[in-house]
Amino acid sequence: MLSEKRRSKLLHYVRDNGSVSVDDLAELLSVSVSTVRRDLDEMDERGLLRRVHGGAIAVGGAESAETSIMERAVRNLEEKHRIAAEAVGLIEPGSTILLTGGSTTAQMVPYLASVPDITVVTNSIAIAHGIGTTTEDVQVLVLGGLLRNVELSLLGHLTTQALADIHIDRAFFSAYGLDPGYGMLGAHLAEAETDRNMIAAARHLVVLADHSKFDQRSAVRIAPVSRIGTVVTDAHAPAEAVAALRARDIVVIQA
């Protein structure tokens with residue numbers, strides 16, 4: 001059986017059953033246990049399933065459940081304001097930061113002028129417009145790319161190419177979901193590769209996630225836990241999740 005056909009069958013089996021063992025998959029596919037393990041590891045990296053001890057479990061698809069940016073903007077608005085204010089406090093004068101599109105990163109815009117001599121790199125037309133219409137004190141560099149209309153974000157090869165010559169101190173991401181044992185989750189497969197490349201261009205990753213994001217599940221992992229440097233959340237974040245993140249040496253700030 002060709003590898004892609006095998007992996008497709010494997011993925012459908014995991015999704016249909018919710019969870020499955022390595023041994024069962026090896027028997028189903030008529031391949032060795034080591035082959036199944038390699039397939040599972042690769043598919044876990046791609047965010048298609050969750051690798052667990054002895055097997056794998058399915059993860060829910062987020063694209064069908066994704067809500068518009070306008071709907072998200074009004075959810076937990078008070079918490080997002082506080083998170084944004086704390087996040088801006090992490091920006092050092094004279095630094096270059098990256099802001100991706102999102103309902104929480106958008107709340108950072110009014111506070112940015114309080115930090116002198118910063119450059120904001122973004123792939124979000126909405127954020128660039130927000131900064132441009134509120135202050136002349138912040139330099140903005142907009143990454144090019146293919147416009148994703150519903151989010152007003154720019155994606156793809158041109159976006160990634162523009163990052164090659166830019167030194168980014170901190171990248172600020174609004175998380176669709178945050179799993180303390182798995183990492184930062186995204187809402188849309190088309191954005192995932194661009195997001196990963198933007199994270200790779202930054203020295204430090206800051207994840208902005210209100211308490212509701214700890215309950216969100218997705219098939220798309222943007223960054224593993226090991227890549228996250230700081231999480232800014234609110235006072236209602238689950239205590240066990242906060243403790244788990246801190247146990248991984250991640251700085252957690254509760255606004």
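Over residues 70–74, how many contacts beyond four places in sequence does the model have, and what does pLDDT stay under there?

A: The model has six such contacts for residues 70–74, a stretch where pLDDT stays under 50; pLDDT is the predictor's confidence in each residue, from 0 to 100, and contact means heavy atoms within 4.5 Å. The model is predicted, with local features needing pLDDT of at least 70, side-chain atom pairs counting only at pLDDT 80 or more, and totals for chains, interfaces and linings using all residues. Residues are numbered from 1 along each chain as its sequence is written, and side-chain values use heavy atoms, without hydrogens and water.

The protein has a mean pLDDT of 87, with 92% of its residues at 70 or more. Residues 61–68 are also below 50, and this stretch makes 19 contacts beyond near neighbours in sequence.

An open sheet has three strands in the order 1-3-2, paired antiparallel (a pair needs at least two DSSP bridges). Its edges are strand 1 (19–21) and strand 2 (50–52), each pairing on one side only. Neighbouring strands are turned by 20 degrees against each other on average, direction ignored. Three bridges join strand 1 to strand 3 (residues 55–57) in the antiparallel sense, and Ser 21 stands opposite Gly 55. Helix 2 packs on this sheet, touching strands 1, 2 and 3, with its direction at about 80 degrees to that of strand 1. Helix 3 touches strand 2 and strand 3, and its direction makes about 135 degrees with that of strand 2. Helices (H or I, at least four residues) and strands (E, at least two) are DSSP runs numbered from the N terminus.

The axes of helix 2 (residues 22–29) and helix 3 (residues 33–45) come within 9 Å and cross at roughly 110 degrees, which makes the two helices roughly perpendicular. Axes are lines fitted to C-alpha atoms, for helices over the stretch in contact, with angles from 0 to 180 degrees between N-to-C directions; under 35 degrees is roughly parallel, over 145 roughly antiparallel, 65 to 115 roughly perpendicular, and the rest oblique. In helix 2, Val 22, Asp 23, Leu 25 and Ala 26 meet Val 33, Val 36, Arg 37 and Leu 40 of helix 3.

Elsewhere, an antiparallel open sheet of three strands has the order 10-11-13. Its edge strands are strand 10 (177–179) and strand 13 (220–223). Gly 186 stands opposite Val 220 in strand 13.
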